[in-house]
Amino acid sequence: MTELERALVALGRELDIPAGPDLRSRVRERIERKPRRRRAVVLAVALLTALGIALAVPPARSAILRFFHIGSVTIERVETLPHAQERSLVAGLGPPLSLREAEKIAGVALVLNAPRPRRFYAQPGLIATLLHYRGTSVLLAELQGDQMGLTKKFAAPGTTVEPAPIGSFGLWLEGGKHVLMWSAASGEIRQMERRLAGNVLIWAEGNRTYRLEGGLNMGQMVELGRQITR
Amino acid sequence: MGRPLDESDLIGRARRGDTHAYEELVHAHQGIAFRTAYVIAGNAADAEDAAQDGFVKAWRALGRFREGAPFRPWLLQIVANEARNRRRSTGRRAHLALRAATEQPSGDAAPSPEASLLSAELRTALLAAVNDLPEDQRTVIALRFFVGLSEHEVAEALSLPEGTVKSRSARALERLRASYD
């Protein structure tokens, strides 16, 4: 080892690197959740199969597709939409924040392989930002794990739902307006505004659920989604 | 009292779903996992998340772990990848700093041979030079000398050929020599 290399080793001992936390209990808690995750995956695969059948046989759609889960998002077909208003894409997400502030509140590091906007929004377990793509605004929201849930209610046949080729699996909602609600993992509905939502792409990848909403078609939205997680 | 389990025993048990065995592996490697994540991500919060997520992902991937292979480089590859994703997602460059003087070990004990090797000015200059290195070179130097990984482990952690690690290391040392000499 040269003198410079020894100096670097010495420098390493002088660095302000905090002692790491004891991760055992948190890791254990997470890995012991695995059986439930596995069941959830089996359920999701079964539902995906059911969805495929439903979409292939139009008369079966309304009979089979009642609800669907992707990661932290639940999509539910209802006869009548709950009352909701047209509101801005970021309504209910809180004030605009810096990325650092948003990640701190969300507890989620944003994944975004694209030029970064300057404003971000956060709720515990969720981070969001507005992107500008192909001349329109698109809301990107990312949810980590299953700490928080989004519920989307739609009324058939106004809204079409179909599989989207992105992530481990994805869904595309287009057409009639649907209602977006936010809920905590406990089931408690958070104090957020319900609002009507437009075209939406939702997909799961790893332990994260992504949601894009805006006035793009499915091809454009999938293109944007793939760019984000590239 | 039974003999302490060695790592391959623990891995074998963990692969069969024994979370207690895996907890022992976490205990054994969490320090170096956190330090690896810290020098890449540049802050404690991201490093903690990266290390934690890395351990969880490694647990899920244990079925693909090659029996008999060393666990540490395999684990650090997962952790380093998590840390790089976080650094990319924030768009921030990792920047290492020296401990404040008051936090250094005090008392009458003589400084260690390594500590006495560097004057305060030289430490500051050398660290500034490390922080100014291109990201790919800085990461190799940090993992090699600040975390204490071998070149082989650095290559594994960064998913790079060992030759690439050697050449990046050589280029970085050449640049640093100018600050040190």
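Reply: E7(A) and E8(A) form a hairpin, with 4 residues between the two strands. In the turn, A:Gly167 has a positive phi of about 65°. Helices (H or I, at least four residues) and strands (E, at least two) are DSSP runs, numbered from the N terminus.

This is a predicted model: local features need pLDDT of at least 70, side-chain atom pairs count only at pLDDT 80 or more, and totals for chains, interfaces and linings use all residues. Residues are numbered from 1 along each chain as its sequence is written, while chains are lettered from A and ligands numbered from 1 in the order in which they are written.

E7(A) covers residues 159-164 and E8(A) residues 169-175. They run antiparallel and are joined by 6 bridges. A:Glu162 stands opposite A:Trp172 in E8(A). Two strands pair if DSSP finds at least two bridges between them.

Now the whole sheet. It is open and has 7 strands, in the order E3-E4-E5-E12-E11-E8-E7 of chain A. The pairing is antiparallel. E3 (120-123) and E7 of chain A stand at the edges with a single partner strand each, so one side of each has no neighbour in the sheet. Neighbouring strands are turned by 20° against each other on average, direction ignored. Axes are lines fitted to C-alpha atoms, for helices over the stretch in contact, and angles run from 0 to 180 degrees between N-to-C directions.

A:Phe120 has A:Thr129 in E4(A) as its bridge partner.

Two helices pack on this sheet. Helix H5(A), residues 99-106, touches E3 and E4 of chain A, and its direction makes about 15° with that of E3(A). Helix H6(A), residues 218-228, touches E4, E5 (136-144), E7, E8, E11 (200-205) and E12 (208-214) of chain A. The direction of H6(A) makes about 35° with that of E11(A). Residues are in contact if their C-beta atoms, placed from the backbone, lie within 7 Å.

Last, the contact between the chains. It takes 32 residues from chain A and 42 residues from chain B. H2(B) gives the largest share of the chain B side, 10 residues. By class, that side has 23 nonpolar, 9 polar and 10 charged residues. Here Ala, Val, Leu, Ile, Met, Phe, Trp, Tyr, Cys and Pro count as nonpolar, Asp, Glu, Lys and Arg as charged, and the others, Gly among them, as polar.
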